[in-house]
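Here is a friendly walk through a two-part question: how the chains are built, and what a few individual residues are doing in them. Have your viewer at hand and follow along.

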Amino acid sequence: MSAVALLVIGISAFVTGYRVYSRYIARRIFQLDPDFVTPAHQFEDGVDFLPTNRHVLFGHHFTSVAGAAPIVGPAIAVIWGWLPAFLWVVLGTVFAGAVHDFGTLWISSRHKGNSIGTLAESLVGNRARVLFLLLIFFLLLMVNAVFAVIIANLFMANPGAVLPVWGSLVVAVAVGLLIYRSGAGILVPSLAALAILYALIWFGQYAPFELPDLLGLSPTAAQLATAGSDPGAAAYAAQLDGQRVGWIVILFVYTFIASVLPVWLLLQPRDFVNGHQLFVALGIIGAGVIATNPPIVAPAINTHLPPDAPSWFPLLFITIACGAISGFHGLVASGTSSKQLDREPDSRYVGYGGALGEGALALTSILATTAGFALYVGIDGWHAHYGSWAAASSGATMAFVDGVAVLAEGIGIPHAVAAIFAAVVVISFAATTLDTSVRLQRYIVAELGVEYGVKFVQNRWTATFIAVGSCAVLALGLDRGAGGMRLWALFGTTNQLLAGLSLLVLTLYLLRLGRSAWVTAVPMAFLLFMTTWAMIVNLIRFVSEDRALLSAVGGAIFVLELWLLFEASAALRRMLRARGSSTP
Amino acid sequence: MRGMAAFRERALARVRRWKEIYEGIYMVPYRTAIQREWRRQRDILFVLGFSDLLGVPSPVQLYTLELIPEVLEQFHSWHLRMGMEEPPEGGFRCC
């Protein structure tokens, strides 16, 4: 199979899904009405509610939902071969993820732009709101911890990316000041920032930076055991731990500062520049695939799985969350997008189309790791890189970076520069998510404080400290950060549970309207079944390996899962009974 | 020549449209947060500048009244937001 063929099949499936399936849902199930007065018109205030051009809203939605997660998940999941990952990304996006995004945008616009949390309270029950808040809390906890580890690992593996990443922060602040303080337009400063960023990427290859190990950590018992008779190897492993801990601490200090700064100063210009990066990365990878048309060297189904790798069924469905279906998208759709929807039919283009864009990003991750990277290191090198479950998890982003570099070489970009470019893309996406997630976590902590009457956590600084501190403890608590990627499965599970809750809300609403609800009920049942099964598998693994922290966090998420299953079955029973009694 | 001018006009309109979309994507994600903060700061400014209207004596009222032409429209949305259907006694005739 050639990479171009796979790309064409994937994109064709997305186009067909948009033109056929989403049209069917829009016409028959959601019955979108062009005359419906959307909340943006009904409550227009120029602050929360404002009718917005559909292309603008699409750009906002797409760049908000597409980040590092749709790159990392597929890059890990190809350990089972490219075929399962490809099928789940394509079918999951078309039949579950895009329907979820489309649906959450639509249902929110039908309910005054209310968030999924508020809708869960009114359609599922009072407890559902607290469940929703707890799910978001755990989701953000996982995201922040795991992304900090990913960024730290990428800084260590790509020292040339340090300068452009931190330099881009200074450039972003300059853009924010130029736009808001000097009244400069948006176009010129943004394009200048992008040009400076690419100059820094080019310059980065000549100015690599390695964080010195200031902590001087001693080797752990496990490192000494692995090193055997070579004490130098154990000392080197401890030194890497010191560097990783250093980067993680720096990242959390940075996120603390970034999350309390005014958004116009850093987050807004930074997100915007990263939005450009998204399109440039998609363009480079797509052009590289077409120009080089590499064969897919990695196996379609990996029959030489490492002994510690779990079975793809059901772990695949939580390893790839974003890129197939993600509950986080519902927060964006019902939080901001729905309040700015100009016409109800736009929800199909913005919601369904935005999720397809993320699916395309996941597709490029599969191509980069199974065609680009595999071509670079050869089939034996590929099997060696994916030689254990732990190595596959921690080395996934490196495989993506090298894979993109190989594809970019095909269009004339030097390998070293392309590798730094790919590392900067992943780090920037992960860092943007980190900034936003810590800010959101701060709000969730404060809201839970209000819910349970705990006054001191409602304070801005305390809430930020709790948000950052809890994530740092989790990230550093797993083998000094080296085991942080083990949280990926828990992140995927929580994200799918959140999506399951949103699909439950949608299903209940469709049943209340007396419409066919299978388009949301089937993905919901599938997700809840797969995540429950995967969670049981993970918990057994954590407990058998004597992993106290992972077992505790995983156990808490499993309780939320059982809670959701209980709420779902109770609410569906109530709804079906009500429908039965109202039928003459 | 007329055809060229029409083509140029159409092209410019298209460029303007794309520029609006481009700038819109910059503003949309954080518009709510920025507008809320801006409104909060403006509300504080109104309370400080026109506290007389709420029964709190203000030594600078004489000077801040000069702002009336500038803030008339904003004053209306402010008193509505503060829960006053009518403008406070002695205030501006904004509605």
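A residue is called buried here when its relative accessible area is under 20%, with protein chains only counted as cover. With that cut-off, helix α14 (residues 328-335) of chain A is mostly covered, since seven of its eight residues are buried. The buried ones in α14(A) are Phe328(A), His329(A), Gly330(A), Leu331(A), Val332(A), Ala333(A) and Ser334(A). Please keep in mind that this is a predicted model.

**The two chains**

Let us step back to the chains themselves. Chain A holds 21 helices and zero strands. Its radius of gyration is 23 Å, close to the 25 Å that the globule rule gives for 584 residues, so chain A is as compact as a globular protein of that length. Chain B has three helices and zero strands, and along the sequence its pattern reads α-α-α. For chain B the radius of gyration is 21 Å, whereas a compact globule of 95 residues would have a value near 12 Å.

The table puts some overall values for each chain into one place.

| Chain | Property | Value |
|---|---|---|
| Chain A | span of the C-alpha trace along its principal axes | about 80 × 60 × 55 Å |
| Chain B | span of the C-alpha trace along its principal axes | about 65 × 30 × 25 Å |
| Chain A | buried share of its 584 residues | 60% |
| Chain B | buried share of its 95 residues | 27% |
| Chain A | accessible surface | about 20700 Å² |
| Chain B | accessible surface | about 7100 Å² |

Carbon and sulfur atoms own 67% of the accessible surface in chain A and 60% of it in chain B. In chain B, residues 24 or more positions apart account for 39% of the contacts with a separation of 6 or more.

Chain A carries 29 positive and 28 negative charges, and their mean positions are 11 Å apart. In chain B there are 14 positive and 12 negative charges, with mean positions 16 Å apart.

**The nonpolar cores**

Which residues touch the most other members of the largest nonpolar core? Within this core of 206 residues, they are Ile107(A), Met142(A), Phe147(A), Leu487(A), Trp488(A), Leu490(A) and Leu504(A). Helix α7 (residues 126-157) of chain A supplies the largest share of this core, with 24 residues. Apart from it lies another core of eleven residues, including Ala172(A), Tyr254(A), Leu266(A) and Ile34(B).

Setting aside neighbours within four places in sequence, Leu490(A) is in contact with Met142(A), Met535(A), Phe542(A), Leu550(A), Val553(A), Gly554(A) and Ile557(A).

Phe86(A) sits in helix α5 (residues 82-110) of chain A. Is Phe86(A) buried or exposed? Its relative accessibility is 6%, so Phe86(A) counts as buried. Beyond its neighbours within four places in sequence, Phe86(A) is in contact with Leu6(A), Ile9(A), Gly10(A), Leu363(A) and Ile366(A). By contrast, Pro208(A) is 122 residues from Phe86(A) along the chain, and their C-alpha atoms are separated by 35 Å.

Thr397(A) belongs to helix α16 (residues 389-409) of chain A. With a relative accessible area of 4%, Thr397(A) is buried. Leaving out neighbours within four places in sequence, its contacts are Val72(A), Ile150(A), Leu154(A) and Val426(A).

**Backbone details**

Most residues other than glycine have a negative phi, and most peptide bonds are trans. Some places in chain A are worth a look with that in mind. Gln31(A) has a positive phi, near 50°, and is found in the loop between α1 (3-29) and α2 (39-42). The relative accessible area of Gln31(A) is 39%, so this residue is partly exposed. Asp479(A) also has a phi near 50°; it lies in the loop between α18 (460-477) and α19 (488-512). Asp479(A) counts as partly exposed at 39% relative accessibility.

Finally, the peptide bond joining Phe313(A) and Pro314(A) is cis, with omega about 15°. Pro314(A) is part of helix α13 (residues 312-319) of chain A.

Technical notes:
Residues are numbered from 1 along each chain as its sequence is written. Chains are lettered from A and ligands numbered from 1 in the order in which they are written. This is a predicted model: local features need pLDDT of at least 70, side-chain atom pairs count only at pLDDT 80 or more; totals for chains, interfaces and linings use all residues. Side-chain values use heavy atoms; hydrogens and water are left out. Helices (H or I, at least four residues) and strands (E, at least two) are DSSP runs, numbered from the N terminus. The radius of gyration is taken over C-alpha atoms; the globule rule is 2.2 Å times the number of residues to the power 0.38. Buried means under 20% relative accessible area, exposed over 50%, partly exposed in between (1.4 Å probe, protein chains only). Contact means heavy atoms within 4.5 Å. Accessible areas come from the Shrake-Rupley method with a 1.4 Å probe; for residues, only the protein chains shown count as cover. Lys and Arg count as positive and Asp and Glu as negative; His and the chain ends are not counted. The place of a charge is taken as NZ of Lys, CZ of Arg, CG of Asp or CD of Glu. A nonpolar core is a set of buried Ala, Val, Leu, Ile, Met, Phe, Trp, Tyr and Cys residues joined through side-chain atoms within 4.5 Å.
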